[in-house]
Amino acid sequence: MIVYGVALLSACLILGMLIGELLGVALGVQANVGGVGIAMLFLVLASNSDKFKALVDGASGTGIQFWSAMYIPIVVAMAARQNVVAAFEGGMLAVVAGVAAVIVSFALVPVISKIGNSGTTSEESQ
Amino acid sequence: MEILETVFVRNSLVVAFAVVGLTIWISYFLADKLTKGRIHGSAIAIALGLLAAYFGGKATGGSTGVADITLLGGIGLMGGGMMRDFAIVATAFGVKLSELKKAGLAGVVSIFAGVIVSFVVGAVVAVLYGYTDPVAVTTIGAGAVTYIVGPVTGSALGADSDIIALSVAAGLIKSILVMIVTPMVAKTIGLNNPQSAMVFGGLMGTTSGVAAGLAATDPKLVPYGAMTATFYTGVGCLLGPSILFIIVDAIL
C-alpha cells in the first residue's frame, strides 16, 4: 500500500521535528535544532532495517519515492516564493556580507572535506 | 475573469503543480536546446523561480514572491517549509548509513566552522561599514549565518528593527547566491561525492540554498547536504546571542 510508505515518511518527519523542538528548548534556543536531519536519520534507519520491510518495500516504497521525486519541483516553488526584493533592498552592506560569507564558505569545502578522509583516500579516483 | 479567479484560488495547490510543471518543462527544453545540457535544467528552473519571485514581489509589495499574486497563491503552500521538509526527508530514502558515518566527523566540524566563519565575515563587513555597536555587529554577523539566525539573534539582543532587516537581507543574499552559484563551482570545490556534500551542507547551512544548489548540481547529493544543513540554523541560534555576542562585545 502506497500510503504505508507515505505514513512512515510523515511519522519520521513529525518525530524528528518534535525532537528538534525539544532540543531547541533544552538548549534555550528559539529554533528547531536539526529536526529535519533527525527525521532523515530515522528514515535511513527504517529503510535499512528488516523490521520496517513491509513499510518500505514494493508499493509502500513508491509512496516515499514519489515525494523524493517531487523534491526538485518543490524547490522550484520555494525559489519562486523567496523574498528576492527584500534581499536586494538591503543595500550594499547586506550584499557584501552575503557574498563574502558565501565565497569564504565555498573555499572551505575542499579543506574540511579532507577531515576523516585521509584513511579512505585510496577509494577516490582522483 | 471572475470565474477563472474563483477556480484558480479554490484549487491553488493544483494550479501550483501545473505552473511549476510547465516551468520545469520549459527549463529543461531551454537547457537542452540553448546550452546543450551544459547548464542543468533544474538550475534554470530555480533561476526562473527567483526571477519570478523578484517581479512578484515588485508587483505586489508582498514578502513571498510569486505567492502573493492571487492566482498563484498555491506556490506559497507548495514551496513552503512543510512541503520542503517533507520532500527533503523523502530524499533520504535509500541512503546508506555507512556513507553518513564516513563523513560524520567532517560533517560536524563543517557545521561549527560554517557558522563561525560566516558570522566573522558578516561582522567584519559590518565593522568596515562603520558599525561599532556590539549588538548591531553581532546581529549583522548572525544574518550572514542565515536569515533565521539574524533575526533570532537580533531580537534576543534587542537590536533595532532596521538592523534586523539588514541581517535578514544579508541572509537572503547568501541563500540566493548558494542556489545559483553551487552548480557553477561544484567541480572546482570537489562537490561530487556524499562526503563533500555533507561538508558543503554544513558550511553553507542555508537549508533553502543548499537544497536548491544541490538539486541543480546532482540530485543524488541532496540528502547528504540537507542532513548537515538542517543542524546549522540551530547551532547558529545557539552560538549567536551567546558566545559570539560575548566575543564581539569584548573586542569592540
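Biologist: How many residues do chain A and chain B give to the contact?
Modeller: Happy to start there: this is a predicted model, in which local features need pLDDT of at least 70 and side-chain atom pairs pLDDT 80 or more, while totals for chains, interfaces and linings use all residues. Residues are numbered from 1 along each chain as its sequence is written, with chains lettered from A and ligands numbered from 1 in written order. Residues are in contact when their C-beta atoms, placed from the backbone, lie within 7 Å. Counted like that, the contact takes 66 residues from chain A and, from chain B, 98 residues.

Biologist: Which element supplies the largest share of the side of chain A that touches chain B?
Modeller: Helices here are DSSP runs (H or I, at least four residues; strands are E, at least two), numbered from the N terminus. Those giving two or more residues to this side include helix 1 (2-27), helix 2 (35-47) and helix 7 (91-113) of chain A. The largest share, 18 residues, comes from helix 7 of chain A.

Biologist: How are helix 7 of chain A and helix 8 of chain B oriented to each other?
Modeller: Their axes, lines fitted to C-alpha atoms over the stretch in contact, are 9 Å apart, at an angle of about 50 degrees. Angles run from 0 to 180 degrees between N-to-C directions; under 35 degrees is roughly parallel, over 145 roughly antiparallel, 65 to 115 roughly perpendicular and the rest oblique. The two helices are therefore oblique.

Biologist: Which residues of helix 8 of chain B meet helix 7 of chain A?
Modeller: From helix 7 of chain A come Ala97(A), Gly98(A) and Ala101(A). Their partners in helix 8 of chain B are Ile140(B), Gly143(B) and Ala144(B).

Biologist: How many residues of helix 9 of chain B are buried?
Modeller: A residue is buried if 20 or more other C-beta atoms lie within 10 Å of its own, exposed if 12 or fewer, and partly exposed in between, with C-beta atoms placed from the backbone. The buried ones, among them Val149(B) and Leu157(B), pack against helix 8 (134-145), helix 10 (161-185) and helix 13 (222-251) of chain B. Helix 9 (residues 149-157) is mostly covered, the buried count being 8 of its 9 residues.

Biologist: How many Å apart do the C-alpha centres of the two domains of chain B lie?
Modeller: The bounds come from an automatic or database domain assignment, which gives domain 1 (2-79) and domain 2 (97-251). In contact are 6 residues of domain 1 of chain B and 7 residues of domain 2 of chain B. The separation of their C-alpha centres is 26 Å.

Definitions and conventions. Contact = placed C-beta atoms within 7 Å.
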